[in-house]
Amino acid sequence: MSPTRSEPRPDLRPAPRSDLRPDLRSRADDLDARSPLAETRDLFELPAGVVYLDGNSLGALPRAVRPALSDAVTRQWGTDLIGSWEANGWWELPLTLGDRVGALLGAAPGQVVVTDSTTVNWFTACSAALDLRPDRYVLDSLVARRGLELLAVTVDRMPAVLAERGADVAVLATSHLDYRTGRLHDLPGLTAAAHDAGALAVWDLSHTTGVVPIGLDAAGVDLAVGCGYKYLNGGPGAPAFVYVARAHLPHVVNPLPGWTSAADPFAMEQEHRPDVGIARMRIGTPPVLSMTALGAALSVYDGLDLANIRRASLSLTGLFLDVLDELLPPRSGVGVLTPRDPAARGSQVSVTHPEATRLVRDLAAGAVLTDLRRPDIVRFGFAPLYVTHVDALIAATEFAELLGAPAGARATAPEPALAER
Ligand SMILES: Cc1ncc(COP(=O)(O)O)c(C=O)c1O
């Protein structure tokens, strides 16, 4: 979830980090040196000394955003004025950005549009999915909550429920990653199970877009949504996206058919005639400045291979878990919620502790930024484009120390200056 309603935070004050355990430090250095993403950290503006592990809530600022926004404001808006809708591609931004996001989702062009917020898109996508199954519900009740039954089941029970209730189930709608536990769900398997039962599958990809190869087309996903401000680094409140599989595009009904979703928006026809493509999922005027920021942010992915990003992500979370195992004192009270199995891990590690609130606050005081999910979860998010293995080591070491890891867990060898990290 974002924004995070956090405790008032003390001023950031980088912790003294002169005493990381040398064997762990050289392991982290080695992993960083060999990382295929060794260069990408420089594409971001990050305050010196801060270990930023909250990119799963709000991605860091890519350097490319500032000049892009400055150009959009000064030249495009300031000088080109209304002509920018055509001359500077403003009108097409939802679609041009949609195809660029689609490339990260394993979606061929023409199936993704960047628009609105995740919540709005979740509504439109789920509504559209239900409409694609008109035989599955009582039409009279469509508007008044549609007369449907919401089967709130755990992901583990979904295949069994689909098998038992298959003929009654219209849509399986869930998140690719559990934002509390960090558990990655089996998107291809559950999509196939939904299809076997005759249902459609709608996925929320907010926590996996940009860090996990998703393969939407290959998995046969029907509809999906996700946000722009986490691993896509589009900035606070960045526009979200919605995916509709090509096969559904001719039939999909946008429940909020604003003027920009029309086939000929400027004709303002009496009857709404939807666009033939993914633009039918647009609603209103696009927020150009936010879209510009997202467009610039997406450039950090240019030339990167998602398989390498996934490898780097698993390496970071793997190292973090290993270091916790090594340094946490006995009876620390920490429970690890995130699966050890890499196949079931996204790009975050969640742990429980009765004093989670204090721990998040004290980590922040040492410039290790994480987040709290009340009452007792600490989330460590690893955005592999700018989080290093040394960051992971620092965070795990400081976390263990806050829980009373013996000072001997550290060594005394001097550390390079923080600015060099
Ligand atoms: C998985 C998921 N879905 C939906 C949302 C809500 O998105 P928004 O507030 O941008 O509409 C969030 C917010 O963090 C999220 O994590």
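Colleague: Leaving aside its neighbours within four places in sequence, which residues is Val-225 in contact with?

Modeller: In this predicted model, Val-225 is in contact with Thr-118, Asn-121, Trp-122, Ala-125, Trp-203, Asp-204, Leu-205, Ser-206, Phe-241 and Val-242, where contact means heavy atoms within 4.5 Å. Val-225 itself lies in strand 7, residues 223-226.

Colleague: Why does Val-225 count as buried?

Modeller: The word buried is used under 20% relative accessible area, and Val-225 has a relative accessibility of 0%, so Val-225 counts as buried.

Colleague: How far apart are Val-225 and Val-202 in sequence and in space?

Modeller: They are 23 residues apart in sequence, and their C-alpha atoms are 8.0 Å apart in space.

Colleague: Does His-389 count as buried or exposed, and what makes it so?

Modeller: His-389, which lies in helix 12 (residues 389-402), has 4% relative accessibility and therefore counts as buried, since the limit for that word is under 20%. Leaving aside neighbours within four places in sequence, His-389 is in contact with Ala-28, Leu-31, Asp-32, Ser-315, Leu-316 and Leu-319.

Colleague: Why is Val-73 called partly exposed?

Modeller: Val-73 is found in helix 2, residues 65-80, and has 35% relative accessibility; buried would need a value under 20% and exposed a value over 50%, with partly exposed in between, so Val-73 counts as partly exposed.

Colleague: Which residues make the nonpolar surface patch that includes Val-73?

Modeller: The patch, of about 510 Å², is made by Val-73, Trp-77, Leu-81, Ile-82 and Leu-289.

Colleague: What makes helix 9 mostly covered?

Modeller: Helix 9 spans residues 288-298, and nine of its eleven residues are buried; among them are Val-288, Met-291 and Leu-298. The cover over these buried residues includes strand 3 (61-62), helix 2, helix 3 (84-87), helix 4 (93-105) and strand 4 (112-114).

Colleague: Why do strand 9 and strand 12 stand at the edges of their sheet?

Modeller: The open sheet of four strands has the order 9-10-13-12, with antiparallel pairing. Strand 9 (335-336) and strand 12 (371-373) each have a single partner strand, so one side of each is left without a neighbour in the sheet.

Technical notes. Residues numbered from 1 in each chain as written. Predicted model: local features only at pLDDT ≥ 70, side-chain atom pairs only at ≥ 80, totals over all residues. Heavy atoms only, no water. Pairing = 2+ DSSP bridges. Helix = DSSP H or I, 4+ residues; strand = E, 2+ residues; numbered from the N terminus. Patch = residues over 30% accessible without salt bridge, like charges linked within 9 Å, V, L, I, M, F, W, Y side chains within 5 Å. Areas by Shrake-Rupley, 256 points an atom, 1.4 Å probe, with all protein chains shown as cover. Salt bridge = Lys/Arg side-chain N within 4 Å of Asp/Glu carboxyl O. Buried < 20%, exposed > 50% of the residue type's maximum accessible area, 1.4 Å probe, protein only.
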